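Look over the fold as a whole before turning to details.

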Amino acid sequence: MSDLFRHGTLLIVVGATLCCGSGIAGVTEGNDAFVKGDYVTALKELRPLAERGNAKAQYRLGRMYEFGQGVAVDKAQALVWLRRSAAQGDSEAQLELGVIYATGDGVKQDDKMAVALFQKAATQGEATAQYNLGLMYAKGNGVQKDYPQAVAWFRKAAEQGDVRAQFKMGVVYANGEGVGQDDVLAFANYAIAARDGNAEALAQRDGIGKRLKPARMRQAQALAADWQVGKPMPGSPATAASKDQAIVAAPPPAPARPNKCSATGTMEGEKFTASNCAVSLYGDQHSVAIWFNEDPISPPEAESFQISSYADGAQGGKQRTLVQIMFCPGGGATTASPSAVKSIDLNTNHAKSPLAGIQWVVESPKDFKVEKMTGEVKPGAMLTGRIVGNRSKTSWNLEFDVRLPQKDAAAGMACSK
């Protein structure tokens with residue numbers, strides 16, 4: 001897994017830029033100190049914010065413990081802070097945790113968990129996570145090998161200027177892996193990757209160039225010269241009607257019987273109502289995740305949730321009201337029943353009061369009661385349930401009649417029969 005990447009030194013600059021719009025005193029100062037190598041000041045500024053729940057400070061503190069910057073190396077502490085940050089949706093923390101799980105650095109190596117984390121960060125636009133996710137699909141690590149999916153993620157990263165992904169796009173067109181073999185497109189993608197003098201990309205570009213006739217060479221050079229960061233890569237359906245259009249297939253049509261769901265109650269005293277939902281199935285464990293959302297869930301978001309079992313608490317910079325549950329409808333078996341549900345991983349977020357959100361593992365019958373649970377826990381089956389519960393100032397009444405997706409999620413709740 002040595003070809004997986006994390007942000008590394010680039011992240012110092014990127015992290016500082018991302019934090020500056022947050023308006024939270026101390027994060028900017030802490031990152032500035034980190035960039036200068038003043039780890040004492042960085043630790044002084046970032047730790048209090050991390051302890052008060054600032055995701056960006058938690059991420060930076062986790063990195064400091066991971067690599068011994070201003071503190072002794074402590075992998076356990078690094079995981080604590082990175083997990084807290086990732087749980088709040090910080091894409092950089094999700095990426096870093098993904099690398100940790102993929103490499104087994106301080107944890108038991110877990111490719112499926114790595115894929116789930118890369119997926120979360122990739123869907124938020126992290127180019128390095130997109131590249132890493134492409135590698136996982138290309139190798140079949142943690143997911144079924146799927147060259148078209150690998151190409152789709154490499155393409156997303158390449159469009160953001162990731163040279164490694166641009167090089168991979170050259171490789172897939174040169175070899176015809178997940179796309180139709182095309183020397184013109186291979187040359188163009190290699191040429192883009194070679195813009196900064198990458199020796200391997202230059203060599204591959206020139207090798208392909210020797211096989212191209214003058215007219216095709218001019219075509220390839222024009223494609224490469226026209227490309228800019230943010231534009232579709234040569235060979236994308238948006239740029240040409242090329243042989244690989246099938247790799248960006250439209251999502252499968254919605255089932256004839258629509259999902260029905262509702263979630264009502266209070267979040268630490270704040271009332272909420274949500275009547276839109278998305279579902280994921282972790283087939284290895286026969287566990288299910290359901291995302292109840294106040295506003296409509298877009299098809300791309302629903303498709304992403306099916307793969308990652310993760311719902312972002314914000315959209316377009318705005319907080320959203322949601323409830324997410326992860327549970328074992330059959331206690332690890334394929335047949336759902338009320339008595340089989342012993343615990344639920346419950347996560348909430350409130351648009352008007354983000355601090356009202358909780359992340360709990362609730363237990364039956366102490367915290368909740370399953371009034372109804374029927375169906376089969378398998379792809380394409382219907383699952384129907386009603387769960388009511390109360391803990392502290394949070395209460396919930398969840399009802400759902402949903403079809404489980406055909407595609408398996410990369411990760412989910414572990415169930416024991």
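This is a predicted model: local features need pLDDT of at least 70, side-chain atom pairs count only at pLDDT 80 or more; totals for chains, interfaces and linings use all residues.

A residue counts as buried when its relative accessible area is under 20%.

Now step back to the whole protein. Buried residues account for 51% of its 417 residues. The secondary structure consists of 14 helices and 12 strands. Take the contacts between residues at least 6 apart in sequence: 57% of them join residues at least 24 apart. The accessible surface is about 18,700 Å², and carbon and sulfur atoms hold 51% of that area.

Next, the interior. In soluble globular proteins, nonpolar side chains tend to be buried together. Here the largest nonpolar core has 60 residues. Leu97 and Phe118 have the most contacts inside this core. Helix H11 (residues 183-193) gives the most to it, with nine residues. Leaving aside residues up to four places away in sequence, Leu97 touches Leu79, Leu82, Arg83, Ala86 and Leu117. A second, separate core has 33 residues, including Cys261, Val341, Ile358 and Phe400.

Cys261 leads on to the disulfide. How many disulfides does a search of the whole structure find? There is one. Cys261 and Cys277 form it, with their sulfur atoms 2.4 Å apart. Cys261 lies in strand S1 (residues 260-267) and Cys277 in strand S3 (residues 276-282), so the bond ties together parts that are 16 residues apart in sequence. The torsion about the S-S bond of Cys261 and Cys277 is about -115°, which means that the disulfide is left-handed.

Technical notes. Residues are numbered from 1 along each chain as its sequence is written. Side-chain values use heavy atoms; hydrogens and water are left out. A nonpolar core is a set of buried Ala, Val, Leu, Ile, Met, Phe, Trp, Tyr and Cys residues joined through side-chain atoms within 4.5 Å. Buried means under 20% relative accessible area, exposed over 50%, partly exposed in between (1.4 Å probe, protein chains only). Helices (H or I, at least four residues) and strands (E, at least two) are DSSP runs, numbered from the N terminus. Contact means heavy atoms within 4.5 Å. Accessible areas come from the Shrake-Rupley method with a 1.4 Å probe; for residues, only the protein chains shown count as cover. A disulfide is a pair of cysteine sulfur atoms within 2.5 Å.
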